[in-house]
Amino acid sequence: MALDEDPTSTATYWPSLAASQVAGTYWRCVCREFNPGDYDTCHFCQRPQPDTQPMQRPGTVFTPTPDDMEGAYGGVLVASLGDDGDAIALTGAKHTALEALDGYYRTVCRQPNLLDDATRPLTDAYYFLDSGHAVFTRTGDGGWEAVPAAEDTVEAVAVTWFRNPSGPVPEPYARQDGPHLW
Ligand SMILES: [Zn+2]
C-alpha cells in the first residue's frame, strides 16, 4: 500500500493529518482515506481533492468545527437549532453548557440571560438542558442536523440541547411535587 511505498512522505502525513483534524480542515477522499487540508491530492491514491469537499455531501457524518457553529463561549461551540430558540452546545457537561449557552444568548441574541428573563435565576435553565450524544449529519443545503445517538455510536459527539423555555417547565420536572412512581 502507499504507506509502505513512500515512508518519507508518511513522516509528514500523519502529523499533518492530526493537525488538520484538530483544525477541522481535513478532507476525505473517495478512496475513504483522510487527508490534511493542505494536500491537493490524496496521499494514498493521488486523486485530486474535490472542489466540493466530500465532508459537505448530504448524509456525511462529521464532527462540527468552529466553521459549523455560531460561536465559542468559554471554549464551547454553540449553535442555534431552527427558529424556535433552541440551541445546542458541544459539551456533555451541563454546567459548562449552561455558561456557554448563556454567553451565546447574551452576546448574539442580546438577551439578559439564557432564559431571556433577568428576574429568573440562571439555574432554572437546567430544566431545559438535556445532555447526551448526537451524530452530526450534513444536509443538502450545506447545513447540518444533530440526531440524538447512543454514546457508543461512531462519531457521536457529546452535546447538550437547550429547549426553548417559553413553554411550561417540561416533564418530569412539572411533576416533582406529585406522587412518586417508584
Ligand atoms: Zn484517495
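Four bridges tie β5 to β6, and the two strands run antiparallel. Strands here (E, at least two residues) and helices (H or I, at least four) are DSSP runs numbered from the N terminus, and two strands pair if DSSP finds at least two bridges between them. Keep in mind that this is a predicted model, where local features need pLDDT of at least 70, side-chain atom pairs count only at pLDDT 80 or more, and totals for chains, interfaces and linings use all residues. Residues are numbered from 1 along each chain as its sequence is written.

**Exercise 1.** Work out which residue in β6 is the bridge partner of Val78, and what sits between β5 and β6.

*Solution.* Start with Val78: its partner in β6 is Ala89. Next, look at the hairpin of β5 and β6: four residues lie between the strands, and Gly82 takes a positive phi near 70 degrees.

**Exercise 2.** Follow β5 to its other hairpin, with β4.

*Solution.* First, β4 (residues 71-73) and β5 are antiparallel and share three bridges. Then pick out a pair: Ala72 has Leu77 in β5 as its bridge partner. Finally, check the turn: there are two residues between the strands, and Gly74 has a positive phi of about 60 degrees.

**Exercise 3.** Find the strands that β9 pairs with.

*Solution.* Take β6 to begin with: β6 and β9 pair antiparallel over three bridges, with Ile88 opposite Trp161 in β9. Now go to β7, which is antiparallel to β9 and joined to it by six bridges; here Leu129 has Phe162 in β9 as its bridge partner.

**Exercise 4.** How far can you trust the chain, going by pLDDT?

*Solution.* pLDDT is the predictor's confidence in each residue, from 0 to 100. The chain averages 84, and 82% of residues score at least 70. Over residues 1-5, though, pLDDT is below 50, and it is also below 50 over residues 174-182.

Key. Two residues are in contact if their C-beta atoms, placed from the backbone, lie within 7 Å.
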